[in-house]
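Please work through each task before reading its solution.

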Amino acid sequence: MYVGVDVGGTKVLAVEISETGNVVRVARDSTPGRGDPVSELEDALTRAVEAVRDGRPLTGVGVSAAALIEPSGETVRFAPHLPWREEPVRERLATRWGAPVVLDNDAHCAAEAELANGAGRGVGSFLLVNIGTGIGGGLVLDGRVWRGAGGMSGEFGHMQVVPEGLACECGLSGCWEQYCSGRALERVVRVALGSHLDGPEVTAQAKAGDELARQAFATIGTWLGVGLANLVAAFDPALLVVGGGVSTVGDLLLDPARNALSRSLVAARHRTVPPIVPAALGSEAGAIGAALLARRQI
Ligand SMILES: [Zn+2]
């Protein structure tokens, strides 16, 4: 039995996958705060894994974490929303669970899942852009997830798109995710309407036909297309896959992005502009990808 467990800033999700990579069992828990002890975080992971395992023997577990993980997959160096700091997480969890464990970054895991069983299946080279609170990404080149020399590829959200632009949590300024993310959406609505709606509320209003909410999505969708044009110029992928909570609004976000991509991409009239499609596996992609990694590597 292969289990994947995804550790995000607010929740833990564990899945068991079938031979074909389909989810057959799910368990959820909540993530303790980043100021809480590491043991509480690992207890939450353990509860989710045990709930899925249900007393049966484990063959292997993949852990997908919203964290910077050193390339060998042993140590979490840093995670902005989790208490792990330079912790030997892989070995500790393997000892605790009595099963082999693999550990990888959540965006890389999500890209593995979309490649194997999602929107990128059968596509050799594509980019996954996950738009949630910020932007995470995965880079698939010639059928493999490209992790980077230091395991840090896909930090698309921190490409600078506006020199001297808005300050970013990462310490730089003008980062893409300041203009295209859940937080950016909330800012646009606050400035345009003076109202303090959160992302899901703006999404609901846009779906219900509210013109100002739709305008807010058009604004961040245009920024999405501008950033994607830079990525396409660099990597020339066959496909662009957009996931994350903000993307659940669908074409209200993706159509403005498609227009901006065609306008901003070098030689757009002399090349095939890659299609922008929604991710297929939703919020389970990280956990599924981690389970698939465990199956491949254990
Ligand atoms: Zn940044």
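**Exercise 1.** Does Cys170 count as buried, partly exposed or exposed, and at what relative accessibility?

*Solution.* The structure is a predicted model. The relative accessibility of Cys170 is 38%. Buried requires under 20% and exposed over 50%, so Cys170 counts as partly exposed. Cys168, by contrast, has 8% relative accessibility and therefore counts as buried.

**Exercise 2.** Identify the protein donors of the zinc ion and assign the geometry of the site.

*Solution.* Begin with the donor atoms: ND1 of His158 and the SG atoms of Cys168, Cys170 and Cys175 lie 2.0 to 2.3 Å from the zinc ion. Finally, examine the angles among the four donor atoms, which are 107 to 116°. A tetrahedral assignment requires all angles to lie between 85 and 135 degrees, so the site of the zinc ion is tetrahedral. For reference, the ideal angle for four tetrahedral donors is 109.5 degrees.

**Exercise 3.** Describe the second largest pocket by its volume and its lining.

*Solution.* The volume of this pocket is about 240 Å³. Its lining comprises 16 residues, and those nearest the centre are Pro71, Gly73, Leu103, Asp104 and Arg147. Now turn to secondary structure: β8 (101-105) and α8 (285-297) each contribute at least two lining residues. The most comes from β8, which supplies four residues.

Methods. Residues are numbered from 1 along each chain as its sequence is written. This is a predicted model: local features need pLDDT of at least 70, side-chain atom pairs count only at pLDDT 80 or more; totals for chains, interfaces and linings use all residues. Side-chain values use heavy atoms; hydrogens and water are left out. On a 1 Å grid over the protein atoms alone, a cavity is a set of points where a 1.4 Å probe fits but cannot get out, and a pocket is an open set with protein on both sides within 12 Å along at least five of seven lines; lining residues have an atom within 4 Å of a point. Grid points are joined across faces, edges and corners, and a volume is the space filled by probe spheres set on the points. Donors are N, O and S atoms within 2.8 Å of the metal (3.2 Å for Na, K and Ca); water is not among the atoms, so sites may look incomplete. Four donors count as tetrahedral if all angles lie between 85 and 135 degrees; four count as square planar and six as octahedral if opposite donors are over 155 degrees apart and all others between 65 and 115; anything else is irregular. Buried means under 20% relative accessible area, exposed over 50%, partly exposed in between (1.4 Å probe, protein chains only).
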